[in-house]
Amino acid sequence: MIFDNFTQADSSTTREYGGTGLGLAISKKLVGLMGGRIWAESRVGQRTTMYFTAAFGVPTAAQPAETPRNEHPRNGVQKFPARRILVVEDCEDNLFLLKCYLKRTAVDLDVAENGEIAVEKFQAAKYDLVLMDVQMPVMDGYAATQAMRDWEVRGHAKPTPILALSANARAADIEKSAAAGCTAHLSKPIAKDTLLQAIEMYLGAPLAAR
């Protein structure tokens, strides 16, 4: 059961630690792609041990270094400046995934582990876009987004694109994000192409490659 999507031992909304219950599900998929399997052995109140197997290829000769390339080629040679993105996310697994998705793009990432810290950083620096997890401890993404929008109104600032990230994709959840001031609502787990396309859409320009 713990390897199923969105499954957690503590499913309450007031749990001490955040996350969406995707870490083990993602691990299972990765191990499966490597031709292996993953399982757990546990004793209540004592310990849990995680195991996995995987097949690794052993090169027989030195391989040439990989030439960096743009995973999303564009027509022409126009260069775009690096963009600053604030990632508001308390789950290390989700944060790791987002960093992997944006690894080869000219993006400078700043991270806030809860909404309260995100609001402080948003007011202290200029960001081109915000990726906002909606379920977090201390201050959730809805309250943080509303605080950011209120601050922009008071300062007569141009609205910054804020993309909500949520495991819930019902119409009511999308409406709740919009009511808080989010520019768009993206569902977790999010595919790499979907995320990059959304970021480029709301930045109004392609993401440059590093």
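At 74% relative accessibility, H156 counts as exposed, where exposed means over 50% relative accessible area, buried under 20%, and partly exposed in between (1.4 Å probe, protein chains only). H156 is placed in the loop between α4 and β6; helices (H or I, at least four residues) and strands (E, at least two) are DSSP runs, numbered from the N terminus. The structure is a predicted model, in which local features need pLDDT of at least 70 and side-chain atom pairs count only at pLDDT 80 or more, while totals for chains, interfaces and linings use all residues. Residues are numbered from 1 along each chain as its sequence is written, and side-chain values use heavy atoms, with hydrogens and water left out.

The backbone was examined next. Most residues other than glycine have a negative phi, and most peptide bonds are trans. The phi of H156 is positive, near 55 degrees, and H156 is not a glycine. V138 is also not a glycine, and has a positive phi of about 70 degrees. V138 lies in the loop between β5 and α4 and, at 63% relative accessibility, counts as exposed. The peptide bond from K188 to P189 is cis, with omega near -10 degrees. P189 is found in the loop between β7 and α6.

Helix α6 comprises residues 192-203, twelve residues in total. From its first C-alpha to its last, α6 reaches 16 Å, close to the 16 Å expected at 1.5 Å a residue; the expected span is 1.5 Å times one less than the number of residues in the helix. The buried residues of α6 are L195, L196, A198, I199, E200 and L203. These buried residues pack against β3 (83-88), α2 (92-101), β5 (129-133), β6 (162-166) and β7 (184-187), where contact means heavy atoms within 4.5 Å. After α6 comes G204, whose phi is positive, near 80 degrees.

A search of the whole structure finds five salt bridges, a salt bridge being a side-chain nitrogen of Lys or Arg within 4 Å of a carboxyl oxygen of Asp or Glu. In one of them, the side chains of D133 and K188 meet at 3.0 Å, N to O. D133 lies in strand β5 and K188 in the loop between β7 and α6, so this pair ties together parts that are 55 residues apart in sequence. Both D133 and K188 are buried. E89 is linked with D133 and K188 in a network of salt bridges.

A salt bridge also joins E152 and R149, with the closest N and O atoms 2.9 Å apart. Both residues lie in helix α4, three residues apart, about one turn of the helix. E152 is buried, as is R149. The side chains of R170 and D173 likewise meet in a salt bridge (2.9 Å, N to O). R170 is exposed, with a relative accessible area of 57%, whereas D173 is buried, with a relative accessible area of 8%.

S177 is located in helix α5 (residues 171-180). With a relative accessible area of 1%, S177 is buried. The side chain of S177 makes a polar contact of 2.8 Å with that of H185. A polar contact is a pair of N or O atoms within 3.5 Å; within protein, one must be able to donate a hydrogen and the other to accept it, and residues adjacent in sequence count only if both atoms are side-chain atoms. When residues up to four places away in sequence are not counted, S177 touches V134, Y142, A164, C182 and H185.

A143 is part of helix α4 (residues 141-154). At 38% relative accessibility, A143 counts as partly exposed. A143 and G181 are 38 residues apart in sequence, and their C-alpha atoms are 9.6 Å apart in space.
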